[in-house]
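Let's walk through this one together, a question at a time. Keep the viewer open as you read.

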Amino acid sequence: MTSGRRNDESRRDFLEQIGFGAGAISLFGAGFLSVAREASAQACAPPGSTATAKAWRRDNRPIRQRKAASTLSTAEVQKLRDAYKAMRDLSASDPADPRGFAHQANVHCWNCGGIGSTIQVHGSWQFFAWHRAYLYFHERILGKLIGDMEFRLPYWDWDVPAHRKLPPAYATPGDASNPLWNGTRFMGANDEVPEEDVGTDVMDAVLTAADFSDFGGTATSSGIPEGAPHGAVHVDVGGDMGAFGTAGKDPIFYSHHANVDKVWSDWNKGSSTHDNPEASAFLNLRFRFFDENKVWRSISAARVLDHESKLRYSYGPSIESDVLPRLLEWVEVQPPRPVQRTVAIDARLRETLAKAATSGAQVRIHFDGLQVPVDKSAVYSVYADVREAEAARGAQSPAFIGVVPVVLNDKDNRHPTPPERRAVFNVTKRLAQLLERQAPLEFALVERGPRGEKGRVLPLRARAVHFSVAQVE
Amino acid sequence: MLLAAGSDPSPPGSVQQLEVALPPEWQLSVHVVLMLEDVTTPRGIAFKVQVSARSEGDADVPLGGFGVLADAAGAEGSRAPVSYRVDVTRGLRRWGERHPAAKTVTLAFSTLDGRSRPIAVSWRVGHAFLKLRSDSTKSAVLAQGAALE
C-alpha cells in the first residue's frame, strides 16, 4: 500500500469494513463515527510546488555533530535562538516564503493527512526516513538564516534520566521573548517525561528490536519506537505537540525528532543484523521539501540512510553503547542450573569466559527466579563473595555485581510484590577478578537502607543462573 | 472484519481487557512483541495507552505502551486504522515467573493523558496477538480478534 493510498482508500476500506452505509451495526458510540474530516481536519496549505522537484545531489559541508540540547553552551543556545527567531521573523515579513516558521510547521501537517493531502508518513516505514529528510532541510534553512551552514540541530535526549525535563533553552524564559518557547505545552519546565515512556525497558526494547519491521515498520505498519518513545513524548509535551497538524509549530518538535533520529542511528550501529530495508519500494520512496534557497527538492529514502556521509551530521556516543556493543549475537555459554548460593565455574566455562574477556566481548550474568525479600522496600547489592558482602564496599568491591531494587506496590502490601526477579548484570569489567577465584562463586545479597546503611546479608537463591557473551564486531 | 470494539468512551480510570494466547515456549524467545492491528482512534484526542498483564488476585504487571497523536485538537471522527507494536518481553517474563503454566494472558489497557492521568477515550483494536522474535523468521499468530471487554 503506498502512502498516497493510505488516507483515502484505506479510510474508505475502513468505513466499508465497519458497514458504514451497508446496514451493519456499528460498534462505536454515536458521534465517534462522525467523519467530519473536511470540517475538522487541520488546515494547512500545501507546502510544496507544482513544479517538478529537483533531485537532491550532494552535500559537501563538513560533518558536524548534533549535540544534546541540555549540553549546549551559552553561545550555542544563542545561535539556536537566533536561528528560530529569524525563521519566525521570516514568516511575519514574507508569509509566502516557504522557509518561514509557519510554512515549516505546515510541512509536517501536510504530510500527515492535513486537509486535501493524501500523504501520511506515519504508521509505516516512511516514518524514520521522511522525518530525517524533513529535519535535514529544516536544519539547512536555519543555518542559512543565520549565515552558518555548519549549524546543526540539537537533540532532546529524554532517554538520559537526567534530561527528562524540557531542555532549559526551550522552556526558559517561558514567554514569547524566547523563540524556542511554545505556550500551548502541557508540560511545564519542571515536569519530566515519565520512566514508563522513555526508561530502560522502553529503550532496551527499541534498540534491540530484531529487524527493521519491528524497529521501523513495514509498508503498512509502524515499528515499536513510533508508539513509544516517540508518540508518548508527543503526548507528554502536549499542546501543539499532541497533534499531527500542529506538532511542527513547537520548536521542541525538531529537537524531539532529532533524538528519534538518533535512536534510529543507534539501532543501526547496535548490530550488524540491524539493517534498513533493501526493498526498492522503500529505497525509492521520494520526499519533497524546499531547501535553504527556496528550491523545490526531491530526496529518496535511499539517500538519507547514511546520515554521516550523505547528510553531513553525526551524533555523540550513545548511553546505550556500553550496554549494546556492536553485537553479532548473544551466545549462552552455560545452560541454566539451579542455584543455592554457589556457582562452580568449570574449566570449559572458565576458558570460554576468559577468551571472551580478552577478545573485548561483553559478558553478562543472568539470574532467573532470583529470590528477594519483599517485607519492605529496599535495595539489595549482589556480591559474588560472601566476605566481600559482609564488608559491603559496594562498587569498590571486586566481587560487587550490581543491585536489585525492591519497591513494594503499596506500603500496606495490599498488592503483594512478587518475591522472584529476573536480573541481568554486565560483569565484563569484573570478569578477570571473578575468574581469579578458583573456588565456586558464593553469591550474597546485602540490604541497603534508604541512607545507604548496610542491612541484612542474605545468601542468594535463584532458580537458574547462566552467563551470556556478546560477540563484538 | 473488525472483531473488537470499545464503544462509548470508557469512564476515566476504567480499564479494557482482552485475552490472548501465549505462544508455545514464549519464555525462550529473545523478544515477545504484542501486535495490535486495525487500531482505530479518535482524531481529536492525544493520549497514551498503557498495557499490563492482569491476573486475579495479583497486581497488574506493566508490559509497555504507546502514544497516540491526534490529527488536530478537538477534531471529530476517527482516524484510519493503523497498527502498533509493543515489545512486552520484560514485563511478560516478570508476569510469567508467577504464572509458569499459563496458556493465555489477560491484557489490560488503560488510556492516559500527557500527565499520565486516566482519561476517557473511545478506541478499538481489530486484531491482537503475540509474536515471537527469537529470529526474524519465527512468529506465531494467536488469538486473532480477541475482544476488549
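Q: What strand order does the open sheet of 3 strands in chain A have?
A: Quick ground rules: this is a predicted model, where local features need pLDDT of at least 70, side-chain atom pairs count only at pLDDT 80 or more, and totals for chains, interfaces and linings use all residues. Residues are numbered from 1 along each chain as its sequence is written, chains are lettered from A and ligands numbered from 1 in the order written, and side-chain values use heavy atoms, leaving out hydrogens and water. Strands are DSSP runs of E, at least two residues, and helices runs of H or I, at least four, numbered from the N terminus; two strands pair if DSSP finds at least two bridges between them. The pairing here is mixed, and the order is β1-β4-β3.

Q: Which strands of chain A stand at the edges of that sheet?
A: Look for a strand with a single partner, so that one side is left without a neighbour in the sheet. That picks out β1 (54-55) and β3 (286-290) of chain A.

Q: Which residue in β4(A) stands opposite A:Lys54?
A: β1(A) and β4(A) (residues 296-300) run parallel and are joined by 2 bridges. Across from A:Lys54 you'll find A:Arg297.

Q: How many residues of helix α8 of chain A are buried?
A: Buried means under 20% relative accessible area, exposed over 50%, and partly exposed in between (1.4 Å probe, protein chains only). The buried ones are A:Val202, A:Met203, A:Asp204, A:Ala205, A:Val206 and A:Leu207. For α8(A), residues 200-207, that makes the helix mostly covered, at 6 of its 8 residues.

Q: Is the ring pair of A:Tyr313 and A:Tyr315 stacked or edge-to-face?
A: Rings of Phe, Tyr and Trp (its six-membered ring) pair if their centres lie within 6.5 Å; planes under 30 degrees apart count as stacked, over 60 as edge-to-face and the rest as tilted. The whole structure has 26 such pairs over all chains. For A:Tyr313 and A:Tyr315, the centres are 5.5 Å apart and the planes sit at 80°, so the pair is edge-to-face.

Q: How many residues apart are B:Phe66 and B:Tyr84?
A: These two rings are stacked, 4.2 Å centre to centre with 20° between the planes. B:Phe66 is buried at 2% relative accessibility, and B:Tyr84 is buried too, at 8%. The pair links strand β4 (residues 61-68) and strand β5 of chain B, with a separation of 18 residues.
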